[in-house]
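Please read the numbered points alongside the sequence and the coordinates.

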Amino acid sequence: MLPRPARSRDLSPIEHVWEIIGRQLQLHPQQALTVPVLTDQVQQACNSILQTGIRHLYDTMHARLHAFIQNSVGYTGY
């Protein structure tokens with residue numbers, strides 16, 4: 001186990017995925033005013049994420065972990 005801050009974005013690929021979804025929601029032409037509309041927009045955003053983007057997050061995990069250790073468990077810039 002590594003001593004790391006809770007919810008460290010550097011070591012959590014899902015946090016990067018949520019960031020992508022959040023950016024797509026901000027660009028959506030119609031703001032979601034109800035939970036069903038928001039749910040639909042989030043689902044659309046999830047479906048639009050390219051598999052290559054997900055693969056990149058997975059492939060860079062080793063580099064992120066290495067940077068994390070090199071920076072004494074501090075911010076890595078990822």
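Which residues does Gln-41 touch, not counting residues up to four places away in sequence?

1. Gln-41 touches Leu-25, His-28, Gln-30, Gln-31 and Ala-32, leaving aside residues up to four places away in sequence; contact here means heavy atoms within 4.5 Å. Gln-41 is found in helix α2, helices being DSSP runs of H or I with at least four residues, numbered from the N terminus. With a relative accessibility of 6%, Gln-41 counts as buried (buried is under 20% relative accessible area, exposed over 50%, partly exposed in between, with a 1.4 Å probe and protein chains only). The side chains of Gln-41 and His-28 are joined by a polar contact of 3.4 Å (a pair of N or O atoms within 3.5 Å; within protein, one must be able to donate a hydrogen and the other to accept it, and residues adjacent in sequence count only if both atoms are side-chain atoms).

2. The model is predicted: local features need pLDDT of at least 70 and side-chain atom pairs count only at pLDDT 80 or more, while totals for chains, interfaces and linings use all residues. Residues are numbered from 1 along each chain as its sequence is written, and side-chain values use heavy atoms, with hydrogens and water left out. The mean pLDDT (the predictor's confidence in each residue, from 0 to 100) of the protein chain is 82, and 78% of its residues reach 70 or more.

3. The largest nonpolar core comprises 6 residues: Val-17, Ile-21, Val-42, Ala-45, Ile-49 and Leu-57 (a core is a set of buried Ala, Val, Leu, Ile, Met, Phe, Trp, Tyr and Cys residues joined through side-chain atoms within 4.5 Å). Helices α1 (13-27) and α2 each supply at least two residues of this core. Ala-45 touches Ile-21 and Gln-24, not counting residues up to four places away in sequence.

4. Gln-44 also lies in helix α2 (residues 35-48), and is partly exposed at 41% relative accessible area.

5. The structure holds 2 salt bridges (a side-chain nitrogen of Lys or Arg within 4 Å of a carboxyl oxygen of Asp or Glu). Arg-23 pairs with Glu-19, the closest N and O atoms being 3.7 Å apart, and both lie in helix α1, 4 residues apart. Arg-55 forms a salt bridge with Asp-59, again with closest N and O atoms 3.7 Å apart; both lie in helix α3 (residues 51-59).
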